[in-house]
Protein chains: 2
Amino acid sequence: MTTREEISTGSSRAKIISTCTELFLEHGFAGTSMSAIAKACQMTKASLYYHFSGKEDLFIACVTDGYGVALRALQSIVADETAAPHDKLKRALIALYETTISSPVGRMSPLIAEVSRAFPSVARSFHSEYIAPQQALLWQIIEAGIASGDFRAVDRKQLFHIVFGPMVTLSLSREMFASFDDLDEHFPVEELRDSHIEVIIRMIRA
Amino acid sequence: MTTREEISTGSSRAKIISTCTELFLEHGFAGTSMSAIAKACQMTKASLYYHFSGKEDLFIACVTDGYGVALRALQSIVADETAAPHDKLKRALIALYETTISSPVGRMSPLIAEVSRAFPSVARSFHSEYIAPQQALLWQIIEAGIASGDFRAVDRKQLFHIVFGPMVTLSLSREMFASFDDLDEHFPVEELRDSHIEVIIRMIRA
DNA sequence: GTCTATACAGTGATAGAC
DNA sequence: GTCTATCACTGTATAGAC
């Protein structure tokens with residue numbers, strides 16, 4: 001399934017988006033100039049304006065671009081009918097860590113915060129097209145577990161607070177302190193992830 | 001105890017810092033111009049440059065300014081010799097929520113992420129003068145509880161992951177989605193805080 | 001679809017009067 | 001300690017040739 005954008009203007013657009021996403025992640029929205037983007041893409045500013053109506057449009061494309069990919073991994077786990085609730089939950093949490101910490105969309109949260117007042121529509125889209133679907137998918141697993149008696153009945157918002165909080169903060173911390181040479185020692189992803197998953201499992205087990 | 005800055009140039013500096021902090025929080029670092037700051041402070045750019053050597057210096061002052069106040073609440077809780085470990089922990093967590101979500105320093109995390117590559121020294125200062133002392137203070141309570149047999153022996157990093165993760169993410173979310181008119185319904189601070197505290201207590205209780 | 005050239009408002013920062 | 005005036009530069013965005 002290819003989206004309309006992917007076939008309309010070919011690969012130039014895709015190349016700009018991926019190059020540009022890196023720049024935004026590294027320097028922020030206001031800190032990344034159209035000139036810098038053009039240079040990194042090895043083209044002129046005028047060419048950028050052929051593909052995108054402006055800087056805001058370009059930013060929205062960068063944010064939106066990864067929604068599908070980021071959600072797909074989770075979707076396939078939810079769709080798996082053979083696995084037990086505990087297993088599905090564990091795999092879903094690992095996938096969420098991967099997405100939140102390593103994928104562009106996940107790492108873009110601080111950027112959304114930066115532009116949210118100037119462009120509230122970006123924040124709305126981020127929530128309705130990424131955050132909300134992600135939560136809905138995870139909740140499908142939880143609900144099935146509750147129905148089958150494997151999980152305790154838990155409050156949705158309170159659970160999400162405990163589930164997403166640590167992974168998002170870990171992502172933010174790793175962006176904030178990216179310049180530290182002992183980053184992985186301060187913020188070891190797998191070690192923190194695994195102990196976090198244990199806490200969640202203990203919390204929700206019936 | 002007054003710092004050297006507080007007495008040297010009087011109240012102009014303090015006024016600039018508080019006004020400027022609001023602007024940075026609202027528009028980000030690169031998104032806030034010296035002209036806008038001058039206007040909000042009801043003075044000219046040249047006057048700003050009399051008090052601060054440049055925009056970066058001004059930003060550092062805004063971030064650094066709140067360290068003391070933010071840590072003081074926690075310090076007084078740690079210093080209390082009469083309270084039991086459980087009580088101290090609970091009070092400390094409530095104080096941390098207050099600081100992380102409502103104080104300027106706490107809300108500045110996304111900003112640090114924004115400028116961290118351009119000015120790694122800001123990130124280092126934020127970590128060594130704010131994050132690390134905060135963690136050290138909390139850890140004093142935990143250690144005392146472990147020594148007295150009230151708390152289980154827990155891994156420091158893993159505990160911090162569960163403790164700070166949700167509150168930082170809640171702060172970030174409230175910044176990201178500040179434009180939502182149903183913000184408090186999506187992200188109700190006290191409800192989420194209290195259930196989070198229960199999880200922590202259950203997790204650490206001997 | 002990509003280029004050169006350009007418009008022009010806004011940027012951080014400074015000099016020097018008061 | 002605050003001002004006016006100005007600096008050199010970069011910002012986003014566009015017009016029009018190829």
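Analyst: Helices (H or I, at least four residues) and strands (E, at least two) are DSSP runs, numbered from the N terminus, while axes are lines fitted to C-alpha atoms, for helices over the stretch in contact, with angles running from 0 to 180 degrees between N-to-C directions. This is a predicted model, in which local features need pLDDT of at least 70 and side-chain atom pairs count only at pLDDT 80 or more, whereas totals for chains, interfaces and linings use all residues. Residues are numbered from 1 along each chain as its sequence is written, chains are lettered from A and ligands numbered from 1 in the order in which they are written, and side-chain values use heavy atoms, leaving out hydrogens and water.

User: At what angle do the axes of α7 and α13 of chain A cross?

Analyst: In chain A, helix α7 (residues 85-102) and helix α13 (residues 189-204) have axes that come within 11 Å and cross at roughly 140 degrees. Angles under 35 degrees count as roughly parallel, over 145 as roughly antiparallel, 65 to 115 as roughly perpendicular and the rest as oblique, so α7(A) is oblique to α13(A). Contact means heavy atoms within 4.5 Å, and the residues making it here include Leu93(A) and Tyr97(A) of α7(A) and Ile197(A) and Ile201(A) of α13(A).

User: How is α7(B) placed relative to α11(B)?

Analyst: The axes of α7 (residues 85-102) and α11 (residues 156-176), both of chain B, come within 9 Å and cross at roughly 30 degrees, which makes these two helices roughly parallel. Among the residues that meet are Leu96(B) and Thr100(B) from α7(B), with Met167(B) and Ser171(B) from α11(B).

User: Is Arg91(A) buried or exposed, or something in between?

Analyst: Buried means under 20% relative accessible area, exposed over 50%, and partly exposed in between (1.4 Å probe, protein chains only). Arg91(A), which lies in helix α7 of chain A, counts as partly exposed because its relative accessibility is 35%. Not counting residues up to four places away in sequence, Arg91(A) touches Ile77(A), Asp80(A) and Ala83(A).

User: How are the two chains related?

Analyst: Two copies of a chain are related by a rotation about an axis and a shift along it. Here, with copies superposed by least squares on the C-alpha atoms of residues with pLDDT of at least 70 in both, a rotation of 180 degrees with 0.0 Å of shift along its axis brings chain B onto chain A (RMSD 0.1 Å). The two copies are thus related as by a two-fold rotation axis.
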